[in-house]
Amino acid sequence: MPRSSSALNNLPVKKFPITTPQWLRACASLFAALMLIRSMTHECLDLVPQHIQRFVLSILLGFFKRSFPNSIQRFILSFFHRVIKRLLYDQFMTLQIEEYNGMFRNEIYKACELYLQNKTSPNTRVLRVAQSRRDITSFYHFVDKQEFEDMYEGIELRWKFKIEIVFQKYTKRSFELIFDVRHREKVKESYLPYVLERFEAIKNETKFVKLHTLKEDKYQIGWDAINFEHYATFDTLAMEPEMKKMILEDLDRFVEGKEFFQRVGRAWKRGYLLYGPPGTGKSSLIAAMANYLKFDVYDLQLSHLKSDMQLRQVLVATNNKSILVVEDIDCSSELKDRNYQPSKAKKKSEKQDSDDDQAPVLSLSGLLNFVDGLWSSCGEERIFVFTTNHKSKLDHALLRPGRMDMHIHMSYCTYEGFKTLARNYLEIHEDHPAAFGEIESLLQNAEVAPAEVAEELRRSKDAGVALQGLITMLKQKQKELNEEKKDEDKDK
Ligand SMILES: Nc1ncnc2c1ncn2[C@@H]1O[C@H](COP(=O)(O)OP(=O)(O)OP(=O)(O)O)[C@@H](O)[C@H]1O
């Protein structure tokens with residue numbers, strides 16, 4: 001039987017102070033109010049620089065600590081401290097930028113290094129400064145925990161440089177970028193690309209060619225860089241004009257050849273072999289190439305390396321747009337013969353042989369692999385230059401195209417070469433016709449390196465005296481040569 005409506009009305013009803021939807025609404029309003037207060041606090045705090053906020057907070061905390069000596073009050077204070085800290089600082093995000101990304105140097109790290117050169121913070125107390133003769137800008141070396149401040153479109157950014165020792169062996173360098181987490185996207189999409197852009201611009205504005213040499217500390221082997229202060233250019237180089245033109249055109253084709261190398265599926269690199277007697281300008285030509293292309297020079301002294309692994313380690317640490325030089329490659333006894341067979345060496349002594357088998361080896365194939373093998377694809381716009389006084393002593397594997405693409409013979413001084421040197425050292429242009437004529441005919445038979453001619457021309461500022469000195473020296477050389485020939489004929 002259905003209950004009557006009056007019966008229903010008489011049932012006991014439990015009354016709540018507020019209904020469930022009302023309670024939810026109240027919570028939502030409270031939450032919204034809190035969010036509003038939080039964002040208003042942040043908006044207001046945005047107007048106050050962070051270091052001032054931190055300073056004010058530390059003063060307030062000090063004041064409250066002194067005012068509340070009792071332990072319960074201190075507990076409440078530390079609770080509030082944590083809440084305020086959370087409100088103020090836990091909104092920060094930290095980006096870590098380490099120097100190495102696996103085996104390779106991190107491009108963003110390099111960009112930060114240069115970008116932050118001119119940015120210091122008011123609390124910077126130590127700066128290591130260096131300046132080179134040719135360089136008008138000073139270089140700052142960062143010290144551990146050094147801080148930098150930056151401002152980008154109203155966003156405050158704090159940088160910190162860190163040096164850590166890992167595994168008690170290696171030094172690990174990194175930058176930390178600390179910023180308000182709300183600007184995460186802007187920092188990623190806009191600020192970091194801006195840093196990279198500035199890096200490229202600063203690099204081009206202040207590009208000084210660097211000379212990198214190997215340095216080894218207790219644990220690691222790496223590169224040390226100084227400004228390259230070799231003033232040789234193609235203008236000052238004593239060389240046949242056609243040869244100069246050919247090299248310059250080859251270099252131009254190389255640097256403009258990115259698409260070509262991609263199209264033909266080859267690594268963007270080029271190898272030059274410079275060969276000729278001592279003092280004919282091999283090092284000067286390398287300097288002229290570096291100054292012309294504004295490429296850094298890496299002087300790879302093989303005697304500093306013990307194994308292929310070390311070789312790989314230093315080679316992957318080189319930058320793009322660089323010239324890797326191995327001087328006097330024929331003298332590199334460090335390079336084990338490609339056909340090196342431990343069995344042959346057994347004849348020597350058992351003990352030494354077993355040591356050899358286990359010792360890490362620096363091999364020619366290790367080097368070739370980098371010039372032409374799989375490792376050659378690491379990096380781009382690389383030039384390899386090997387020099388030798390004795391081309392005939394070199395392994396044929398090294399000489400083939402693809403490894404050494406261009407063989408450049410650095411010859412004894414020619415008349416054209418002499419004219420360049422006379423212009424360099426005495427600032428004269430064939431206004432001593434008599435002396436020039438005599439020197440031209442003497443040079444045809446003399447085997448004299450440009451270094452020797454240059455040395456003679458340096459002896460006096462008076463062009464006439466210097467040229468006469470050169471003529472005497474050339475005559476003396478010719479005399480010696482004739483006597484040698486006579487002796488040879490006698491022996492025959
Ligand atoms: N072709 C050249 N043009 C201009 N200067 C030269 C030339 N060759 C030599 N010189 C002068 O002689 C010096 C020594 O030359 P450089 O070191 O370039 O010769 P090198 O062929 O590399 O010698 P080595 O084989 O002994 O290393 C240079 O500093 C330069 O002043």
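Is Glu153 buried or exposed, and how many C-beta neighbours does Glu153 have inside 10 Å? Glu153 counts as exposed, because 9 C-beta neighbours lie inside 10 Å. By definition, a residue is buried if 20 or more other C-beta atoms lie within 10 Å of its own, exposed if 12 or fewer, and partly exposed in between, with C-beta atoms placed from the backbone.

Before I continue, two remarks on the source. This is a predicted model, in which local features need pLDDT of at least 70 and side-chain atom pairs count only at pLDDT 80 or more, while totals for chains, interfaces and linings use all residues. Residues are numbered from 1 along each chain as its sequence is written.

Let me turn to the chain as a whole. The protein chain has 18 helices and 15 strands; these are DSSP runs numbered from the N terminus, with helices (H or I) of at least four residues and strands (E) of at least two. Of its 492 residues, 20% are buried.

In general, nonpolar side chains in soluble globular proteins tend to be buried together. A nonpolar core here is a set of buried Ala, Val, Leu, Ile, Met, Phe, Trp, Tyr and Cys residues joined through C-beta atoms within 7 Å. The largest nonpolar core has 61 residues, and Ile286, Ala290, Ile323, Val325 and Val385 touch the most other members. Helix α9 (residues 282-293) supplies the largest share of this core, six residues. Both domain 3 (222-409) and domain 4 (415-491) contribute at least three residues to this core, the bounds coming from an automatic or database domain assignment. A second, separate core of 11 residues includes Phe175, Leu177, Val187 and Val195.

Next, consider a pair of helices. Helix α15 (residues 415-426) and helix α17 (residues 450-457) pack at an angle of about 35 degrees, with their axes 10 Å apart. Axes are lines fitted to C-alpha atoms, for helices over the stretch in contact, and angles run from 0 to 180 degrees between N-to-C directions. Among the residues making the contact are Phe418 and Leu421 of α15 and Val453 and Leu457 of α17; contact requires C-beta atoms, placed from the backbone, within 7 Å.

Finally, I return to the loops. Glu153 sits in the loop between β6 (147-152) and β7 (155-166), and its phi is positive, near 45 degrees. Glu427, in the loop between α15 and α16 (433-445), has a positive phi of about 55 degrees. Most residues other than glycine have a negative phi.

Definitions and conventions
Two residues are in contact if their C-beta atoms, placed from the backbone, lie within 7 Å.
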